Amino acid sequence: MKRQNPALSTRSICLALAGLSLALHLLLAFFCLSVLQNVCVLPTSSSSSSSSIPRADTHPSASSHEAAPTPQDENRGGMSHREDKETEKKLTGAGGVNQRTHSKLDALFKHLLYNLPPATVLQEDDWLLRLKRDEEPRDTESKEEERESTVTDDSQWQSASQDKGYDKDIWTSNTETHPPWLQFHLGISRWQLYDRKDPSLAQLTHYMATQRILGAVQKAGGTQLKLLISFPNYGQALLKPIRQSRDAETDVNLYYFSDFERHNAEIAAFHLDRVLGFNRIPPVVGRLINITTEIREITTDQRLSRTFFTSPAGNICFYGQCEYYCSTEHPVCGQPHMLEVSLAAMLPDLSLAPRRSWRSPWRRSYSRTKLAQWEKDPSFCDRVKQTSPYSAGSRLLDLIDLVVLDFLMSNMDRHHYETFEKFGNETFLLHLDNGRAFGRHSQDEPSILAPLQQCCRMRRSTYLRLHLLSRPDLRLSDVMRESLAQDPLSDVAPLLSEPHLAALDRRLAAVLQAVRTCQERRSDVIYDDLKGFDPD
Ligand SMILES: Nc1ncnc2c1ncn2[C@@H]1O[C@H](COP(=O)(O)OP(=O)(O)OP(=O)(O)O)[C@@H](O)[C@H]1O
Ligand SMILES: [Mn+2]
């Protein structure tokens, strides 16, 4: 038997150990290198979802505007969770647009002219609605009775609503329990429809853009097809569908009163009105809906149901029943199911907050042959100024504000405007129905400016804001592009094409020129509603 040499075996053990140690060292070196590299590598993009580095330049209002996730988030139709997160980011202003680049919209809204202290402190009568105050304390017995009846009422209310898919949340006088639409209603005052800084507004548009649709029926009033949409939290919205490609310009041979309404015009009008600092249009948001599951299968409106059909191309279409364009020749069609729509938050019910409709003195004749009085008489405004309600208060100035909005978006369809009856003549004007705006970008419609040219009046605050928006560092087209990018439908395509945005700048210059022309003739053009306040 061959015996092993002990020196040889010791050497080979030593060699093996040295090799192992070298391998371990090499491994350790590789490990350290890779760790070091990871530590030193900068995140490739600040929007990377895996990055946990907090961003310093996040939109300041983002966190306060963030809508808390609700159990209803599970029920929404259409969008995936990731898509929803994206949408939420946009609606809350935390989206990519504002992240790294300098935000002109933020800069605009930070300006003093958009943060003016209220001229007067609001009194109780200056709010459209208010919650009933708690009753005077009663004796124990009647309190007991009251508690019993409340519980009975609530339980009845819950069981009836649960079946239909409505929320069973109970609202108290605590604002935090109020759904966003109720907060919007309770925030309507004599001078504005909403406070731009109210965080519940972003929650309201987010809700309308994402939540399950429980009801869809035709809405009466007006001439074109529109639906009244109901949500689980008892909120409602006015739906206008896309009716032609977004960029289709109004046919030059069509009169404005024959034009289709545009869903993107409703959305853009809300943003423009807010950017102008008026806050007189109810919040509007875009949404992609499924015609089949979110209208056809849930509607209880027989007159609407009957008008559904499948087009030769296999798309699901409907046309409803209304005065204009409700026929098989003018169908609203999905692709094959999905349809772009605008959703406007509904104002408080007329039974709670009646409104008054006013015929505009500068209303068009709505005829192909007849001219309206204001088109024939250059001193038409002198007569208007002597007539109530234009002879006192701020009505004429409010009308001029509306004219500026309409000229910028080329809306010729302002035959009426509305006010809340409760506030009498001392109140703002509601800028409802903007569906026929943004029809043409290649030409302007100077006749819309007639009230400004004939009356030569404008509020100083409006004038200064228009000036601000004409500055290159805050340009109207740029803030509008940025504002509209917050809408979920901007993911499909920009809500206003570049030529429409450029038209805004061109028209703004025309408004300012009209004011200058007035100032050459008269000295009382600008009405100082800022009482000597100098924002510069
Ligand atoms: N957000 C809203 N909340 C409550 N009511 C609304 C809202 N928007 C519009 N309405 C009401 O519905 C009516 C019809 O709406 P709208 O004017 O948009 O329809 P339309 O078909 O375009 O009308 P028209 O043919 O007269 O131009 C309005 O007169 C207004 O009273
Ligand atoms: Mn209309």
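Is A344 buried or exposed? A344 is buried, because 26 other C-beta atoms lie within 10 Å. Here a residue is called buried if 20 or more other C-beta atoms lie within 10 Å of its own, exposed if 12 or fewer, and partly exposed in between, with C-beta atoms placed from the backbone.

Before going on, a word on the ground rules. This is a predicted model, in which local features need pLDDT of at least 70 and side-chain atom pairs count only at pLDDT 80 or more, while totals for chains, interfaces and linings use all residues. Residues are numbered from 1 along each chain as its sequence is written, and chains are lettered from A and ligands numbered from 1 in the order in which they are written.

You will find A344 in strand β8 (residues 338–345); strands are DSSP runs of E with at least two residues, helices runs of H or I with at least four, numbered from the N terminus. Beyond its neighbours within four places in sequence, A344 is in contact (C-beta atoms, placed from the backbone, within 7 Å) with A237, L238, E266, P282 and V284.

Now turn to Q224, in the loop between β1 (215–218) and β2 (227–230). Q224 counts as buried because it has 20 C-beta neighbours inside 10 Å. Setting aside neighbours within four places in sequence, its contacts are E261, C322, Y324 and Y325. An unreviewed UniProt entry lists Q224, E261 and A344 among the residues of a "binding site"; such annotations may be inferred rather than shown by experiment, and feature names are shortened, with positions in the numbering used here.

Finally, helix α17 (residues 476–484) is largely enclosed by the rest of the structure, because seven of its nine residues are buried. Among them are L476, M480 and L484.

Note on methods
Two residues are in contact if their C-beta atoms, placed from the backbone, lie within 7 Å.
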